[in-house]
Amino acid sequence: MADVALQSNRAAQAARKRGSLHRMLKRKSTVAFLMTLPLILLIATLVIYPAFYALHLATLNKSMQRFVGLSNFEFLFRRETFWLVVKQSCIFAITAVIFKAVLGFIIAHFVHNIPAKGQRKWRGMLLVPWVIPPAMSTLAWLWLFDPSYSAFNYTLSFFGIGPIPWTGDAMWARFSVILVNIWVGAPFFMIMYLAALKSVPEQLYEAAAIDGANWWQRIWYVTLPMMRNIIAITTLFSLIVTFANFDIVRILTAGGPLDHTHIFATWAFRIGIEGSDIPLGASVSLFMVPILAVAAIFILRDVNKRGNES
Amino acid sequence: MATVTIDKAAPTRKVKYGSMSRDRTWALRWSYFFLVIFAIFSLTPPIYMLITSLKSSAEISAATNPWWVFHPTLENYVGLLTSNQFLRFFWNSAIVSIFVVTITMLISVPAAFALARMRFWGSAVLATGVFLTYLIPETLLFIPLFKMFAVIGDWTGIQLINKWYVLLILYPTLTVPFCTWIMIGYFASIPKELDEAAIIDGASWIQTLTRIFIPVAFPGIIAATIFAFTVSWAQFLYPLVFTTSTDQLVMPVGIITTLIKGDVFNWGQIMTGALLGAAPPLIIYAFLMDYYIAGLTAGATKG
Amino acid sequence: MADVTLRKVVKRYDEVEAVRGIDLDIADHEFVVLVGPSGCGKSTTLRMIAGLEDISDGDIMIGGDVVNDVPPKDRDIAMVFQNYALYPHMTVAENMSFGLRLKRYPKAEIKSRIDEAARMLDIVELVDRKPKQLSGGQRQRVAMGRAIVRNPKVFLFDEPLSNLDAKLRVQMRIEIKKVHQKVRTTTVYVTHDQVEAMTLADRVVVMNHGRIEQIGTPNELYHKPATKFVASFIGSPAMNFIPCRLEDIAGKLHVRLTDRLAFPLPLARAVRYQNIPRTEKLLLGLRPEHVTEAKPHPQPGVETFDTVLDVTEPMGMETLIYFTMEGSQVCGRVNPNADAHDGAPLRLAVDLNNMHLLNEVTGVVL
């Protein structure tokens, strides 16, 4: 609506022919454009251009002198490791996100349950994993998982368990990587849910209690529907971030043992940067696009819906 | 009247729920029980960092109880804080983060103001674009960016790869979209009448931004600054790809590439380094927790 | 100080015309109130005078100069907003002086103007507080102070009292009137509250659907409304409208309400309505104060009739009575001592000297 008003204004101004350079510089749309110009340039040159450049790179041969069409992709499809990476990326992202979402929801509920006075303290403690740079905290996990000095195995040995090859065995390594990811990401869900829980009006619970709803029914019929939007957005966000994760896998296992924990980002790094095959690395990372795009579309739909509601 | 209000402020759950007070007590006990478990889960790695950082190499390799420090020593801290190399990493990280925060705020605050208030042709599309950009992970772009900068180096002779300042160009791609997005949210929550009052008072758009919007949305500015700082401080992939010489490295990469030498893990020093690397964000978080959390939730809730 | 003139001003959003050609002359020192239901275009008109909205068509003149393309800051106006729009991070004094500081007035001048305005509005002790520490009424005063210190040609008020509670609203209404009497600045005031309009204005502009329905002094609007809209909008409780038609009975012009009820018109009215076709569908407009309990002595032009009351509302100084006539509810005001009870019969009198006759289709007052 404002846009239209502006346009008619512009038309009127053009008709009156009083436009000088000075006037134009003072005009709202010109000022606004100049204020957003750095942002536009940044996005155009460092995000949009490289994204398309990746498409171009993916069609070149290893020395980047010859156009090879889709043969990089054909090559990937024939490699077993590639399918392993696809499988692992999906398992990694989906499992981690589900656990983060559920755990975050449970923790948020417990924090919300206790008297308001103490909530700040608990919230503060529980968010620490999210605050520490993941590269740093993963080092701590690496040390906790150390094959010979693992503090976990030391503790478990008292219960007659172990030693567990945390990063040495394919299945355990996958478990470890997902565990660390949950540790880093669950607090984020907790914080988002907690904010959403606080926004549910107390009267709704009182009304539900008067209607005879028990604890579980209150969650199912009041809390969850009220939080549906925030749950959806947070989950999709997390799905993107988890799917594109690099730090944790790189530091904890570097993709090993025998590529059994590689995901798209780490494998692309291994091939593109460490293996100096930039076109093939670009091809690998491009496989992240479809799932990211789907998640992005859903997020955008939700964000717009929220925008329309308010 | 006064006594009634005081009663209300005090924990009146018991009064409110009457017969349900027994249930509530149990619910509370369970809540605390699980919160303690989750807190242990959350704090084990950082606490273990601290424990290990206080041990000598001898104690670490002696395989005594790893959860206890028998002979606390500060030798790891002394060793790192007197090492020029480590101080160099810290310095690089600090410089990069401060510059990136400055660049980010200079780009995103005016842009957010324009997008939130000065509706112009294409502004809605651009706002959506900013949000989408925020969703593009760095792991998608590092390979083409690496090649781009290599090509630029070949063409112009400006060597960007393996220089710490290349990070000043790269990090804003991660910080600017999100900061712009949350600033749009903060600016949009300012009543429209406030800028109209400023316009009638004779303020230009720039003056409205600097003298009204920035002071009023100051909590948002702090939240965005914290976000930009923590992202630049924690970023691992870009410095790993773009810098290799030890004098150009930032903290996370520096610790991982220099303290891990082949198979020899000096865990005491690594944990000390990790703890020192985690310290700046943790300190900021400790003092500005509310702003930190506001920024975190603003991104998704202020859509 | 200056006069404000609007010439065929139009505001279009998309295909919707919010303001459809307004002509208005506001004299120097005059206090004009734009009143109307929400969405009638009154706020848009005010914002176009302020320069916050572009004009789609027509001209706006302030002090004789066309200001269509003049930005708000150069129009020499001050505006008071509905939600006060005080800068939350500035003290009261800083809020009031912001405009002057932007224009780089000397410090001493700024200080003396703030002192003067603060004294006038009785907010001297508040000048160092932040808006958050003020009550609604105090914020309203500060918002007015911010307008006063600028010493502009025109004051613009956009529903300034609608966020206040009823009691404070009455108090601030008087305050605004006092300030205007002191500073005598040309004022355009927008409100949806007809009481505010009547009490404040030198002249009231009643707007509806983007057009001006009528311009006049409060008394003119009350006693000589031009349309049904104005007649029903001004006055509370609202004017009654009863379907009727004219009829000649025994050579005298009567207004027939029901099959059994027809009143002879007073002479002045009979002359005025003589030429209206007798078949025309009409509405009889009667203000509640002209429907009262029957007095023992007949008065010229006052006719009596019997009815049964539906509901009575004792207000203390009077009692409002409601009854039904030809399917429409009619409200009257009777003495609290009159024998008016819910569901009880009562003999009422209508004062036809103050009647209005409206065309039922066009709503025009005849």
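In this predicted model, 14 residues of chain B are in contact with 17 residues of chain C. Two helices of chain B, α11 (192-200) and α12 (205-216), each contribute at least two residues to the side of chain B that touches chain C. The greatest contribution to that side comes from α11(B), with six residues. Classified by residue type, the side of chain B facing this contact holds nine nonpolar, two polar and three charged residues.

Chain B also meets chain A, in a contact that takes 78 residues from chain B and 79 residues from chain A. Helix α3 (residues 21-53) of chain B provides the largest share of the side of chain B that touches chain A, namely 16 residues. By class, this side of chain B comprises 62 nonpolar, 14 polar and two charged residues.

| Side of chain B | Nonpolar | Polar | Charged |
|---|---|---|---|
| Touching chain A | 62 residues | 14 residues | two residues |

Chain A itself is described next. Its secondary structure consists of 16 helices and zero strands. Chain A has 310 residues, of which 41% count as buried. Among the contacts in chain A with a separation of 6 or more, 66% are made by residues 24 or more positions apart.

One helix of chain A can be examined residue by residue. Helix α15 (residues 278-286) of chain A is largely enclosed by the rest of the structure, because nine of its nine residues are buried. A residue is counted as buried when 20 or more other C-beta atoms lie within 10 Å of its own. The buried residues of α15(A) begin with A:Ile278, A:Pro279 and A:Leu280, continue through A:Gly281, A:Ala282 and A:Ser283, and end with A:Val284, A:Ser285 and A:Leu286.

A record also bears on chain A. An unreviewed UniProt entry carries the annotation "domain: ABC transmembrane type-1" for residues 86-301 of chain A. Over residues 86-301, chain A is 78% helix and 0% strand. The end C-alpha atoms of this stretch of chain A are 27 Å apart.

How values were computed
Residues numbered from 1 in each chain as written. Chains lettered and ligands numbered in written order. Predicted model: local features only at pLDDT ≥ 70, side-chain atom pairs only at ≥ 80, totals over all residues. Helix = DSSP H or I, 4+ residues; strand = E, 2+ residues; numbered from the N terminus. Buried ≥ 20, exposed ≤ 12 C-beta atoms within 10 Å, placed from the backbone. Contact = placed C-beta atoms within 7 Å. UniProt positions renumbered as here; feature names shortened; annotations may be inferred. Nonpolar A, V, L, I, M, F, W, Y, C, P; charged D, E, K, R; others polar.
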